[in-house]
Amino acid sequence: MSTPHVVVVMGVAGTGKTTIGPLLAAELGVPYAEGDDFHPPANIAKMSAGTPLDDTDRRPWLDAIGRWAHGRAGLGGVVSSSALKRVYRDRLRAEAPGAVFLHLTGDRALIERRMADRKGHFMPTALLDSQFATLQELQEDEAGVAVDVSGTPEEITDRAVAALRRLAS
């Protein structure tokens with residue numbers, strides 16, 4: 001399955017955006033961009049210190065992701081971004097109107113376990129509560145699908161591809 005859309009893989013920290021994003025991109029035959037790579041150094045320092053980002057911190061990050069997505073319009077691509085609030089997704093859509101969101105969802109305990117198991121990531125598990133508190137689910141008027149993150153990365157990717165196919169038809 002290939003797509004002319006840019007798929008934004010969204011969700012709270014620990015849902016597997018960095019794992020599922022590249023698998024999804026490979027399945028769709030499009031490039032993948034890691035959303036964390038778009039953060040300015042000040043954002044990474046802030047999160048590494050256990051301080052949640054505020055909306056002002058997120059603007060340049062969202063704009064950079066949006067510019068990448070805009071550049072892939074009509075060509076397709078997959079990019080990760082927590083995109084927790086509707087206003088963040090609106091900002092991304094302002095740059096890339098055809099973007100489709102893949103919301104990775106899951107049980108908080110499972111996500112916390114996965115966060116605790118990962119090595120070398122700047123996002124501490126202490127920020128998970130703030131992520132869930134900030135999260136605004138996709139609304140019916142937003143192009144996107146939600147996929148549960150239980151199971152293996154391959155199973156999650158298969159469910160994501162199937163959900164995106166249903167959305168496209």
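This is a predicted model: local features need pLDDT of at least 70, side-chain atom pairs count only at pLDDT 80 or more; totals for chains, interfaces and linings use all residues.
Trainee: Why is the packing of α1 and α7 called oblique?

Mentor: Helix α1 (residues 17-28) and helix α7 (residues 153-168) pack at an angle of about 55°, their axes being 9 Å apart.

Trainee: Which residues of α1 and α7 meet?

Mentor: From α1 they are Thr19, Ile20, Leu23, Leu24 and Glu27. From α7 they are Pro153, Ile156, Thr157, Ala160, Val161 and Leu164. By class, the contact of α1 with α7 holds eight nonpolar residues, two polar and one charged.

Trainee: How do the classes divide in the contact of α3 with α4?

Mentor: Take the geometry first. The helices α3 and α4 pack at an angle of about 35°, with axes 8 Å apart, and α3 passes α4 in a right-handed crossing. On the α3 side the contact is made by Asp55, Arg58, Arg59, Leu62, Asp63, Ile65, Gly66, Arg67 and His70. On the α4 side it is made by Tyr88, Arg91, Leu92 and Glu95. The contact of α3 with α4 has four nonpolar, two polar and seven charged residues.

Trainee: Which residues touch the most other members of the largest nonpolar core?

Mentor: That core has 23 residues, and the ones in question are Val8, Met10, Val12, Val79, Leu92 and Phe101. At least two residues of this core come from each of β1 (6-10), α3 (55-71), α4 (86-95) and α5 (108-117). The largest share, four residues, is supplied by α3.

Trainee: What is phenylalanine 101 in contact with, leaving aside its neighbours within four places in sequence?

Mentor: Phenylalanine 101 is in contact with Val8, Met10, Ala83, Arg89, Leu92, Arg93, Leu138, Ala143, Gly144 and Val145. There is also a second, separate core of 20 residues, which includes Val30, Leu104, Ile156 and Leu164.

Trainee: What makes valine 12 count as buried?

Mentor: Its relative accessible area is 3%, and buried means under 20%. Valine 12 is therefore buried. This residue lies in the loop between β1 and α1. Leaving aside neighbours within four places in sequence, valine 12 is in contact with Lys17, Leu84, Ile111, Leu128, Gln131, Phe132 and Leu135. Valine 12 and leucine 128 are 116 residues apart in sequence, yet 7.4 Å apart in space, C-alpha to C-alpha.

Trainee: Is alanine 13 buried or exposed?

Mentor: Alanine 13 has a relative accessible area of 7% and is therefore buried. Like valine 12, alanine 13 lies in the loop between β1 and α1. Its C-alpha atom is separated by 7.6 Å from that of methionine 115, 102 residues apart along the chain.

Trainee: How do you know that serine 82 is buried?

Mentor: The value is 9% relative accessibility, so serine 82 counts as buried. Serine 82 lies in the loop between β3 and α4. Not counting residues up to four places away in sequence, serine 82 touches Met10, Gly11, Lys17, Arg58 and Trp61.

Trainee: What is the value of phi for alanine 83?

Mentor: Phi of alanine 83 is near 45°, a positive value in a residue other than glycine. Alanine 83 is found in the loop between β3 (77-80) and α4. At 0% relative accessibility, alanine 83 counts as buried.

Trainee: Why is leucine 110 called buried?

Mentor: The cut-off for buried is under 20%. Leucine 110 has a relative accessible area of 16%, so leucine 110 is buried. This residue is found in helix α5. Leucine 110 touches Val149 and Ser150, not counting residues up to four places away in sequence. Leucine 110 and glycine 151 are 41 residues apart in sequence and 10 Å apart in space, C-alpha to C-alpha.

Terms used. Residues are numbered from 1 along each chain as its sequence is written. Side-chain values use heavy atoms; hydrogens and water are left out. Axes are lines fitted to C-alpha atoms, for helices over the stretch in contact, and angles run from 0 to 180 degrees between N-to-C directions. Contact means heavy atoms within 4.5 Å. Ala, Val, Leu, Ile, Met, Phe, Trp, Tyr, Cys and Pro count as nonpolar, Asp, Glu, Lys and Arg as charged, and the others, Gly among them, as polar. A nonpolar core is a set of buried Ala, Val, Leu, Ile, Met, Phe, Trp, Tyr and Cys residues joined through side-chain atoms within 4.5 Å. Buried means under 20% relative accessible area, exposed over 50%, partly exposed in between (1.4 Å probe, protein chains only). A crossing is left-handed if the near helix is turned anticlockwise from the far one by less than a right angle, and right-handed if clockwise.
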